[in-house]
Amino acid sequence: MSQKTNAARILDKKGIAYEIIDYEVDEEDLSAVHVAQTLGMDEEEIYKTLVCVSETGEYLVICLPAPATLDLKALARSAQCKRCELIPTKELLKVTGYIRGGCSPLGMKKHYRTFIDSRARERECVCVSAGMRGKQIRLAPEKLKEACEAEWVAAGA
C-alpha cells in the first residue's frame, strides 16, 4: 500500500479519482523529463510544478509539460502582473512546504494562484508530483484544474 500524501488526501476529500505511481528516485537527476523516462511514459504526460514570484511579492504556481520551458512574460500576462521570476530553489521548502523534485500543485502550505499549461486539456490524464520524491499522481487534467482551483494558460514553449 502506497503511503498517502497531503496531495492525495486533498483529492480524496474532494472525491476526485486518481492513481499514485511510485518510481525510483535518482538524486542526480530530479527533472520531470527523467521521471517520464524512468516510468517509460510520454514526457508530455508528466507535468512539472514551478513556483514564481511577481513584482508585488505574490507567489504563482505553474504546471508545465516536463520538456517545456516556462515563458515568464506569458505567465505574467496571464497573472496580470508586470513581471515574475522563478523563486530560488532554496526558498521552495519555506514557501510551499515541498522540496525540489517533490513539489505538488496540491497541498502547499498556502493556496497560491495556480496555472496549468493549456496543452493538458489535450490529454486523457496527466501526472504531477504527489508531494514527495518517488511518487506521481495521475488524474484527468480537468480534475487537476478543479482540485487546484487553477486557470488554463499558454505559458510554456
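Q: How many bridges join strand β3 to strand β5, and how do the two strands run?
A: In general, strands are DSSP runs (E, at least two residues), as helices are (H or I, at least four), numbered from the N terminus. Two strands pair if DSSP finds at least two bridges between them. Here, in this predicted model, strand β3 (residues 59–65) and strand β5 (residues 113–117) run parallel and are joined by 4 bridges. Within that pairing, I62 stands opposite F115 in β5.

Q: Thanks! Before we go on, what should I know about the numbering and the values?
A: Residues are numbered from 1 along each chain as its sequence is written, and side-chain values use heavy atoms, with hydrogens and water left out. As this is a predicted model, local features need pLDDT of at least 70 and side-chain atom pairs count only at pLDDT 80 or more, while totals for chains, interfaces and linings use all residues.

Q: In what order do the strands of the open sheet stand?
A: The order is β4-β2-β3-β5-β8, which makes an open sheet of 5 strands with mixed pairing. β4 (84–86) and β8 (151–153) are at the edges; each has a single partner strand, so one side of each is left without a neighbour in the sheet. From one strand to the next, the twist averages 35 degrees.

Q: Which strands does helix α3 touch as it packs on the sheet?
A: Contact means heavy atoms within 4.5 Å. For angles, axes are lines fitted to C-alpha atoms, for helices over the stretch in contact, and the angle runs from 0 to 180 degrees between N-to-C directions. Helix α3 (residues 72–79) touches β2 (47–54), β3, β4, β5 and β8, and its direction makes about 125 degrees with that of β4. Helix α5 (residues 141–148) also packs on the sheet, where α5 touches β5 and β8; the direction of α5 makes about 120 degrees with that of β8.

Q: Stepping back, how many helices and strands does the protein have?
A: There are 5 helices and 8 strands, and along the sequence they follow the pattern α-β-α-β-β-α-β-α-β-β-β-α-β.

Q: What is the radius of gyration of the protein?
A: The radius of gyration is taken over C-alpha atoms, and the globule rule is 2.2 Å times the number of residues to the power 0.38. The value here is 14 Å, close to the 15 Å that the rule gives for 157 residues, so the protein is as compact as a globular protein of that length. Buried residues make up 46% of the 157 residues.

Key: Buried < 20%, exposed > 50% of the residue type's maximum accessible area, 1.4 Å probe, protein only.
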